[in-house]
Amino acid sequence: MFDLKLFVSMLANMVGWPGILLLISGTIIGMIFGAIPGLSGTTAIVVLIPMTFGMDPGTAMLWLAATYGAATYGGAIPCILINTPGEPPNAATILDGYPMAQKGKAGMALGSAATASTLGGFIGLLVTLLMIPVLTRFLMAFSYQEFFMMALLGLCIIAIVGEGTLIKGLASGFFGIMLSFVGYDPITSVLRYTFGIQYLWDGIPVVPALFGLLAIGEVMDLLVKERAVAEAQSARASRRQVWAGVRATFKNMPLVLRSSALGTFIGAIPGVGGTVAGFLSYMQAKQTCKNSENFGKGDVRGVIAPEAANDAKEGGALLPTLAFGIPGSSAMAVFLGALTLHGIDVGQDIFVANLDVVYMLILAALGCHMVAAVIGLSVADKMAILTRIRPTLITPVIFVVCLIGSFALRNNMGDVFVTFLFGLLGYEMRKFGFSRIALILGLLLGTMAERSFRQALMTSTIWRFFTRPISLVLFLAILAVLILPYVRAYRKRGDI
Amino acid sequence: MKKVFVVVLMGVLVFIGFCFGFLTPVSAQDFPKKNIRWFVGYSPGGGFDTYSRAVARTMEKYLPKGLHVIVVNRPGSASQQAASMIYNAKPDGYTIGIWPMPGLYVPQMFFEPKYDVKKVTWLGTVLVEPMVLAASSKSDFRTVKDLQGAKSVRLALTGFTGPEIAAPITMEKLGVKAQYITGHTGSGQAMLAAMRGDADAVVFSYGSLRKLLLDKSFVPLLLMGEGKRNPEIPDCPTATEAGYPELDDLVAAWRVIGGTPGIPEDQKKKLRELIWKSINDPEFLEWSKKSKRPVSPLDGIATERALAKILVQYDGLRDILEKYMK
């Protein structure tokens with residue numbers, strides 16, 4: 001039962017002293033960690049946990065939740081400025097965020113990302129809290145067939161996004177799927193294609209590969225062509241540009257609402273992964289918005305959709321965490337660990353014995369989005385300056401930051417080599433017009449698709465893919481994604 | 001010339017002094033002189049990570065001022081990567097970690113991982129966690145006999161590595177015809193699979209299942225590795241009560257602290273004392289009580305003996321385990 005008096009008391013704690021200091025400092029720390037490739041919001045929480053040992057649990061959760069919540073927006077910043085996601089879930093923002101920066105509209109992209117993140121975060125939390133019974137049933141309705149269809153739907157994005165022709169996109173995507181087979185077989189645990197190298201037992205790590213393909217590959221291209229990210233005179237980002245981004249987000253509120261709802265639902269399903277939320281949201285935006293041919297060329301809606309979904313998904317991830325004690329994401333797992341370290345039993349009694357901590361977690365998640373929006377919008381025009389810096393100055397910094405970020409993930413030098421090798425691959429792919437995003441999607445979703453397909457066949461027949469309602473709907477969505485572009489093109493030719 | 005001679009002589013004397021400094025073994029009184037690294041083979045937030053951070057936090061109280069225990073997460077291959085890091089580090093006592101046993105012995109029985117658990121310097125045990133065979137409340141199974149009488153029982157698990165090797169051992173010893181649905185990315189996913197009806201039962205640690213047992217999403221059928229009934233699930237029989245005492249020995253998840261092989265005796269003794277003090281520290285025990293994370297402390301010597309016994313028992317299971325590992 002909702003305790004209004006306790007809720008207001010926690011709100012007062014958050015805006016009082018030292019709550020407000022922790023909220024603001026946590027937000028800043030989260031944005032910095034999110035913005036530096038390799039240092040995610042989860043890493044930020046892990047680093048901060050020992051510093052919270054002297055605090056009471058509510059205060060500790062305020063600081064940690066503010067840090068994590070802000071990191072999801074922070075991850076959009078390098079997407080837009082240097083074509084590298086701060087965290088994999090931000091990857092979809094690159095599709096239009098970076099082209100916007102190349103056109104000199106980095107300020108607008110950053111402004112819309114900040115606004116969409118804030119709105120998405122709010123909506124995700126509110127939807128989760130208001131619709132817990134519905135979301136719980138939805139979560140339970142997702143089985144292996146649905147996971148497979150989700151992965152397939154995600155792979156279909158290859159058909160509609162990214163660089164180069166469809167054939168090259170598919171080639172990249174399938175190459176990514178091939179690479180996803182390296183390591184332990186997800187069902188039998190037999191090793192595949194590891195050539196006796198222990199480092200490859202867990203497969204090719206996605207995040208270092210992503211840094212290499214996108215950041216290093218891009219950096220090499222900038223160096224070779226001796227150009228900054230943005231050439232245009234209009235790259236002189238101003239506050240006006242940033243506010244244009246804010247206005248564009250509010251102008252596209254239906255898109256924000258759709259994307260946030262999608263992100264919330266996907267976030268509520270453990271195991272789907274945050275990256276899928278961003279890409280699926282991008283795909284639904286491209287399929288449903290007018291003048292969708294502008295997507296991929298610097299359309300602000302291509303930033304709004306994934307950013308709203310990305311922040312909303314964290315609200316959704318709260319659901320299995322609070323309802324079942326099963327972490328909805330890796331960040332939720334760390335939160336549960338942090339709660340346990342503070343002596344809180346994260347079992348069913350948390351809503352009775354520690355309701356104050358739950359309320360503080362939710363309030364901090366809401367509060368940090370507001371603070372992040374204010375800070376983000378204030379400095380967006382300054383950050384956009386990075387797009388005009390000479391490549392000989394900026395590229396070594398990006399190079400080193402990415403390599404350090406790769407190492408920081410698992411304290412493993414092998415990840416640094418992977419980043420470097422994929423950097424070379426990314427450069428060549430860019431040169432010959434092969435989609436790097438498609439390769440990443442294949443690498444990311446290949447394992448999920450294989451695992452869930454085989455699990456589905458272990459538990460039922462192939463026809464269950466088409467007799468389960470949600471699975472069937474997803475299958476029809478896949479057909480729509482693949483066929484609609486041709487239908488539209490045919491209609492256009494008919495109209496001429 | 002004389003000046004040159006004196007300078008050269010002084011240089012030689014200084015050099016000899018440095019050599020003595022490097023060659024002289026560090027005595028126990030000097031240890032530890034720098035931070036200790038503690039490897040965890042799983043991602044932050046999970047049970048192994050939480051226990052590690054709780055013990056590490058307490059250990060710092062007993063270290064010289066300014067020294068810390070740095071917890072390093074090195075997930076990969078069900079903790080085998082972290083095990084390799086610890087095993088192959090310099091044997092100076094500054095690299096230790098938490099080992100999921102006897103799960104890490106099973107890959108060693110069939111493959112050639114870069115560690116040998118029989119040579120690890122065992123320093124102590126934080127917890128010997130009981131495992132629970134539990135049926136989903138959506139299934140029709142309510143007792144072990146129901147499982148034994150069924151044509152097939154679907155068991156959800158992540159794989160046959162690490163602590164989850166307990167699942168096939170349990171099914172084999174109980175004589176249950178099990179169909180294993182593997183591939184789940186974590187225990188949470190496997191439990192969700194059973195809750196929605198894709199599987200009938202699971203075998204996981206009590207700590208992982210606790211919330212779902214208490215809210216009746218799962219029905220506990222057998223408690224293994226505890227020796228006595230758990231007051232939170234009083235109707236659940238122990239393996240010994242059910243007539244399978246060997247399961248109480250074989251199927252328990254040990255969270256053991258171990259270091260590199262070959263740590264000098266005096267340093268090993270100091271580390272064991274440090275860990276023993278930490279896991280019996282009143283504040284640590286208070287945390288354990290408040291957070292409902294039980295501990296069952298064992299010192300280094302008792303850990304060594306107990307693990308040696310268990311590994312021999314696992315050698316006897318080679319034929320059973322082979323069909324799951326190969």
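This is a predicted model: local features need pLDDT of at least 70, side-chain atom pairs count only at pLDDT 80 or more; totals for chains, interfaces and linings use all residues.
Helices and strands are here DSSP runs, a helix having at least four residues and a strand at least two, numbered from the N terminus. In those terms, B:Pro102 sits in the loop between β3 (95-101) and α4 (105-110) of chain B.

**Chain B overall**

- Chain B contains 13 helices and 10 strands.
- Along the principal axes, the C-alpha atoms of chain B fill a box of roughly 100 × 45 × 30 Å.
- Of the 326 residues in chain B, 53% are buried.
- Among contacts in chain B with a separation of 6 or more, 76% involve residues 24 or more positions apart.
- B:Glu246 belongs to helix α9 (residues 245-250) of chain B.
- B:Glu246 counts as partly exposed because it has 15 C-beta neighbours inside 10 Å, a count that falls between the limits of 12 or fewer for exposed and 20 or more for buried.
- The C-alpha atoms of B:Glu246 and B:Ser152 are separated by 23 Å, and the two residues lie 94 positions apart along the chain.

**Contact between chains A and B**

- Chain A contributes 37 residues to the contact, and chain B contributes 40 residues.
- On the side of chain A that touches chain B, α3 (41-48), α16 (330-341) and α21 (436-459) each supply at least two residues.
- The largest share of that side of chain A comes from α16(A), with seven residues.
- By class, the residues on the side of chain A that touches chain B are 17 nonpolar, 15 polar and five charged.

**Largest nonpolar core**

- The largest nonpolar core holds 255 residues, of which A:Ile80, A:Ala364, B:Leu155, B:Ala201 and B:Val202 touch the most other members.
- Helix α18 (residues 355-383) of chain A gives the most to this core, namely 16 residues.
- Leaving aside residues up to four places away in sequence, B:Ala201 touches B:Leu133, B:Ala134, B:Ala135, B:Ser136, B:Ser139, B:Phe141, B:Leu147, B:Val153, B:Leu155 and B:Ala194.
- As a general point, nonpolar side chains tend to be buried together in soluble globular proteins.

**Packing of α3(A) and α4(A)**

- The axes of α3(A) and helix α4 (residues 57-74) of chain A come within 8 Å and cross at roughly 160°.
- The two helices are therefore roughly antiparallel, since angles over 145 degrees are placed in that class.
- The crossing of α3(A) and α4(A) is right-handed.
- From α3(A), the contact involves A:Gly41, A:Ala44, A:Ile45 and A:Leu48, while α4(A) provides A:Trp63, A:Leu64, A:Thr67, A:Tyr68, A:Ala71 and A:Thr72.
- Seven nonpolar and three polar residues make up the contact of α3(A) with α4(A), with no charged residues.

**Cis peptide bonds**

- The peptide bond from A:Trp17 to A:Pro18 is cis, with omega near 5°.
- A:Pro18 is located in the loop between α1 (4-15) and α2 (19-35) of chain A.
- In chain B, B:Met101 and B:Pro102 are joined by a cis peptide bond with omega of about 0°.

**Positive phi in residues other than glycine**

- A:Tyr193, which is not a glycine, has a positive phi of about 55°.
- A:Tyr193 lies in the loop between β2 (191-192) and α11 (206-225) of chain A, and its 13 C-beta neighbours inside 10 Å make it partly exposed.
- A:Asn291 also has a positive phi, near 50°.
- The loop between α14 (274-288) and α15 (301-324) of chain A holds A:Asn291, which counts as exposed because it has 8 C-beta neighbours inside 10 Å.

Conventions:
Residues are numbered from 1 along each chain as its sequence is written. Chains are lettered from A and ligands numbered from 1 in the order in which they are written. A nonpolar core is a set of buried Ala, Val, Leu, Ile, Met, Phe, Trp, Tyr and Cys residues joined through C-beta atoms within 7 Å. Two residues are in contact if their C-beta atoms, placed from the backbone, lie within 7 Å. Ala, Val, Leu, Ile, Met, Phe, Trp, Tyr, Cys and Pro count as nonpolar, Asp, Glu, Lys and Arg as charged, and the others, Gly among them, as polar. Axes are lines fitted to C-alpha atoms, for helices over the stretch in contact, and angles run from 0 to 180 degrees between N-to-C directions. Angles under 35 degrees count as roughly parallel, over 145 as roughly antiparallel, 65 to 115 as roughly perpendicular and the rest as oblique. A crossing is left-handed if the near helix is turned anticlockwise from the far one by less than a right angle, and right-handed if clockwise.
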